Amino acid sequence: MKRRKFINQASIAGLSFTGFHLLNSCETETKNNNQIYMGGFKANPISEIKAAFVGVGDRGRSHARNFKSFKGTEIVGICDLYEARVKETISSLNSEKSIKGYWGKDNLWIEMIKETKPDVVFISTNWDNHAPMAIKSMELGSHAFVEVPLANTIEDLWGIINASEKTRKHCMMLENVNYGREELMFLNICRKGLIGDLIHGEASYIHDLRAQMFQKDETSFDGHPGTGSWRTKQYSKNIGNLYPTHGLGPVAQYMSLARKEDNFNKIVSLSSPSKGRYLMAKKYFDKSHEWNNLEFKNGDINTSIIQTTYGKTIMIQWDETSPRPYTRHNLIQGTMGALTGFPTRVFFDSEENQNSIGYFPWIEGKDLSEIYEKYDHPLYKKLNKKTADSGHGGMDGIMMYRVIECLQKGEPLDQNVYEGAFWSAVTPLSAKSIDSGGNPQNFPDFTRGKWKETEPLGIVL
Ligand SMILES: NC(=O)c1ccc[n+]([C@@H]2O[C@H](COP(=O)([O-])OP(=O)(O)OC[C@H]3O[C@@H](n4cnc5c(N)ncnc54)[C@H](O)[C@@H]3O)[C@@H](O)[C@H]2O)c1
């Protein structure tokens with residue numbers, strides 16, 4: 001283990017953070033004496049949770065609405081670059097108490113946190129802002145809840161972990177897909193041991209988002225540029241799997257990676273040619289448009305394979321460009337059966353399978369009703385009616401329910417800071433593997449060996 005020179009992180013105007021180290025991806029940082037391990041961390045219970053929101057574009061305004069729908073919550077501040085977004089969000093919340101709005105400058109969110117002193121800060125901005133905003137929020141005394149991915153460099157992920165360990169503040173990446181009906185049921189089936197020992201998973205984010213390219217000029221919903229204005233640039237700035245966590249988060253929790261049973265070890269990665277974004281730019285935008293002057297260097301389809309410490313494999317794919325219906329794969333293979341998504345299908349081994357050579361059918365479609373009856377996760381059964389309209393088929397509301405419940409009871413969160421870091425680390429590590437012709441890249445052990453002491457996520461009632 002080597003200590004490297006300090007660098008300044010100043011990815012946002014007016015900010016300067018120290019305490020980051022340049023590391024090779026496989027290295028593990030040494031910990032200072034004032035840092036504690038945050039896996040299983042319990043904060044003091046907060047009965048009335050005060051929250052501030054940074055970024056109320058597509059995602060942040062939905063978090064604010066969901067947060068406010070639960071008892072024991074108060075929104076104290078909302079910040080965005082654009083006045084209209086702040087004002088619209090505040091008025092849509094119909095809050096009895098006044099909510100302070102901040103807009104117009106890059107770093108007003110710092111002022112907001114200092115003035116409103118929230119217990120928690122929800123960060124739903126573009127990816128490059130996540131790390132500095134999460135770190136500063138924790139340093140100013142708030143727990144940080146950060147949209148996906150947690151950050152997109154190994155240095156930023158270490159910076160977040162060090163800040164969380166130093167400040168003893170939670171930093172949870174808000175992976176909502178872990179709260180989907182199918183994902184919760186698969187977790188339940190895996191925990192019951194019904195598919196035996198887990199050996200392999202498949203995860204993906206295959207979502208044709210080409211239409212976001214119009215959001216630079218045609219704007220999203222309130223006269224200001226939408227997600228595509230910053231996200232499109234990522235396809236020219238970075239290579240590899242740029243959005244790994246929706247597919248990987250659930251599979252990692254089925255396998256209890258970074259939680260006692262196993263951990264992330266290494267990854268190999270390759271990408272297809274890059275075609276779709278260039279063709280899209282050429283077809284729909286003027287020659288002089290920014291999109292026609294970017295080099296979309298990232299391959300359209302990225303395929304990686306992760307191997308865990310104990311040899312399990314996970315195939316993980318990413319494609320936000322090619323014409324194809326949405327899928328996250330969501331496959332988990334065990335020694336006694338398999339579960340998969342898009343559409344939901346399950347298969348359990350039997351004597352019959354073992355004694356005849358043939359093609360065995362999935363249980364799917366209408367035949368799944370008995371499976372749902374038996375194995376739907378208790379959280380889903382308890383909450384699905386209340387959260388159905390919360391976003392993404394109800395998963396957003398179930399996630400927010402758990403965030404609030406854990407904070408109010410002072411319980412560990414369902415996703416700890418290390419899990420967010422491992423799941424997000426696929427982006428920089430896949431890039432490094434591609435750059436080296438597909439050579440394996442080791443995951444840093446963000447837990448510094450402590451994953452062996454962290455309990456697997458149970459089936460919460
Ligand atoms: N979990 C999910 O299902 C899901 C879905 C969509 C987006 N996301 C994630 O949510 C995040 C936001 O995505 P989005 O689609 O809402 O993007 P968006 O562009 O609609 O919203 C981002 C907002 O952040 C604001 N912002 C940027 N810099 C700021 C600053 N310095 N201070 C204050 N506000 C600032 C922008 O003005 C904008 O309104 C991204 O990380 C994205 O990956 C997650």
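A residue is called buried if 20 or more other C-beta atoms lie within 10 Å of its own, exposed if 12 or fewer do, and partly exposed in between, with the C-beta atoms placed from the backbone. The structure is a predicted model, in which local features need pLDDT of at least 70 and side-chain atom pairs count only at pLDDT 80 or more, while totals for chains, interfaces and linings use all residues. Residues are numbered from 1 along each chain as its sequence is written.

**Exercise 1.** Determine which residues of helix α9 are buried and which are exposed.

*Solution.* Begin with the helix itself, remembering that helices (H or I, at least four residues) and strands (E, at least two) are DSSP runs numbered from the N terminus. In α9, which covers residues 276-284, the buried residues are G276, R277 and A281. Finally, ask what covers the buried residues: the cover includes α7 (228-237), where contact means that the C-beta atoms of two residues, placed from the backbone, lie within 7 Å.

**Exercise 2.** Describe how domain 1 and domain 2 meet.

*Solution.* First take the bounds, which come from an automatic or database domain assignment: domain 1 is 46-173 and domain 2 is 178-453. Their centres, taken over C-alpha atoms, are separated by 24 Å. Next count the contacts, in which 34 residues of domain 1 meet 34 residues of domain 2. On the side of domain 1 that touches domain 2, the elements giving two or more residues are α1 (60-68), α2 (83-92), α5 (154-167) and β8 (171-173), and α5 gives the most, with five residues. The residues of this side divide into 20 nonpolar, eleven polar and three charged, where Ala, Val, Leu, Ile, Met, Phe, Trp, Tyr, Cys and Pro count as nonpolar, Asp, Glu, Lys and Arg as charged, and the others, Gly among them, as polar.
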